[in-house]
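Me: Please show me the sequence and the model. I have some questions about them.

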Amino acid sequence: MKFSFLTLFPSLIEGYFSDSILKRAIERDFMEVDYINPRDYTTNKHGKVDSPMIGGGAGMLMTPQPLFDSIKAIRKDCNNVHVIVVTPVGKPFKQSDAKRLAKKEHIVFVSGRYEGIDERFIEEEADELFSIGDFILTGGELASLVMCDSIARNIDGVLGNVDSLTVESFDSSMLEAPSFSKPKIYNEIGVPSELLKGNHAKISDLKNAMAKCKTKYFRPDMHKQL
């Protein structure tokens with residue numbers, strides 16, 4: 001699978017793929033990442049990619065021409081491109097989206113800057129609009145990385161242990177149950193004794209009960225749906 005980042009600041013993104021799981025996934029050809037800078041496609045003689053908003057308004061807007069030409073260049077290499085525009089007005093990104101999008105061949109994340117992106121580009125080229133929360137960032141790069149990470153870990157082979165995907169928060173209507181590691185007692189604090197007895201049926205029941213309690217405490221909105 002290929003991820004392309006359409007961004008004015010590729011360096012904000014590149015470093016994330018230089019370590020850990022996603023670095024190994026790239027080295028093993030489970031995924032590919034590249035970066036496209038709209039500045040490389042602008043026809044403006046000064047290299048500008050922004051302009052004041054028509055009708056007035058504070059700040060500058062990313063102009064359509066460099067964005068349209070950037071996407072056109074991407075589509076020359078792959079017809080099956082899924083374009084995601086990152087924007088606060090998009091629908092909330094969820095785990096179900098990550099799992100669905102992991103089946104795509106090529107995803108392009110378009111990261112806005114300044115006051116956003118000319119609406120004509122969004123209307124013509126975006127397949128989906130996503131937001132990662134009800135807050136504003138200085139640009140879409142961080143949100144693009146968040147979504148890419150979430151999608152990538154659902155690609156076959158990226159995680160060394162596929163069981164890591166089987167019991168996770170948001171795969172059901174509950175958060176994941178609390179987890180504990182060795183030692184059994186640390187700073188005089190132990191772990192639930194049932195986890196130490198080896199009865200897998202009782203352990204499963206306990207984890208389910210703890211998951212419900214955790215969901216009720218941290219996400220009462222989700223608990224109401226149980």
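Me: What percentage of the 226 residues of the protein count as buried?
Reply: This is a predicted model, numbered from 1 along each chain as its sequence is written, with side-chain values from heavy atoms, without hydrogens and water. Local features need pLDDT of at least 70, side-chain atom pairs count only at pLDDT 80 or more, and totals for chains, interfaces and linings use all residues. Buried means under 20% relative accessible area, exposed over 50%, and partly exposed in between, with a 1.4 Å probe and protein chains only. By that cut-off, the buried share of the 226 residues is 38%.

Me: What radius of gyration does the protein have?
Reply: The radius is taken over C-alpha atoms, and the globule rule is 2.2 Å times the number of residues to the power 0.38. For a compact globule of 226 residues the rule gives a value near 17 Å. The C-alpha atoms fill a box of roughly 70 × 40 × 35 Å along the principal axes. The radius of gyration of the protein is 22 Å.

Me: Which residues does Leu206 touch, not counting residues up to four places away in sequence?
Reply: Leu206 sits in helix α7 (residues 200-218). Leu206 is partly exposed because its relative accessibility is 22%. Contact means heavy atoms within 4.5 Å. On that basis, Leu206 touches Pro192, Glu194 and Leu195.

Me: Why does Leu129 count as partly exposed?
Reply: Leu129 belongs to strand β7 (residues 128-131). Beyond four places in sequence, its contacts include Val85, Thr87 and Ile122. Leu129 is partly exposed because its relative accessible area is 26%.

Me: Which residue does a cis peptide bond join to Lys182?
Reply: Most peptide bonds are trans. Here omega is about 5 degrees.

Me: What phi does Asn187 have?
Reply: Most residues other than glycine have a negative phi. Asn187 lies in the loop between α6 and α7. Asn187 is exposed because its relative accessible area is 58%. Though not a glycine, Asn187 has a positive phi of about 55 degrees.

Me: Is Glu188 buried or exposed?
Reply: Glu188 lies in the loop between α6 and α7. Glu188 is not a glycine, yet has a positive phi of about 65 degrees. Its relative accessibility is 79%, so Glu188 counts as exposed.

Technical notes:
Helix = DSSP H or I, 4+ residues; strand = E, 2+ residues; numbered from the N terminus.
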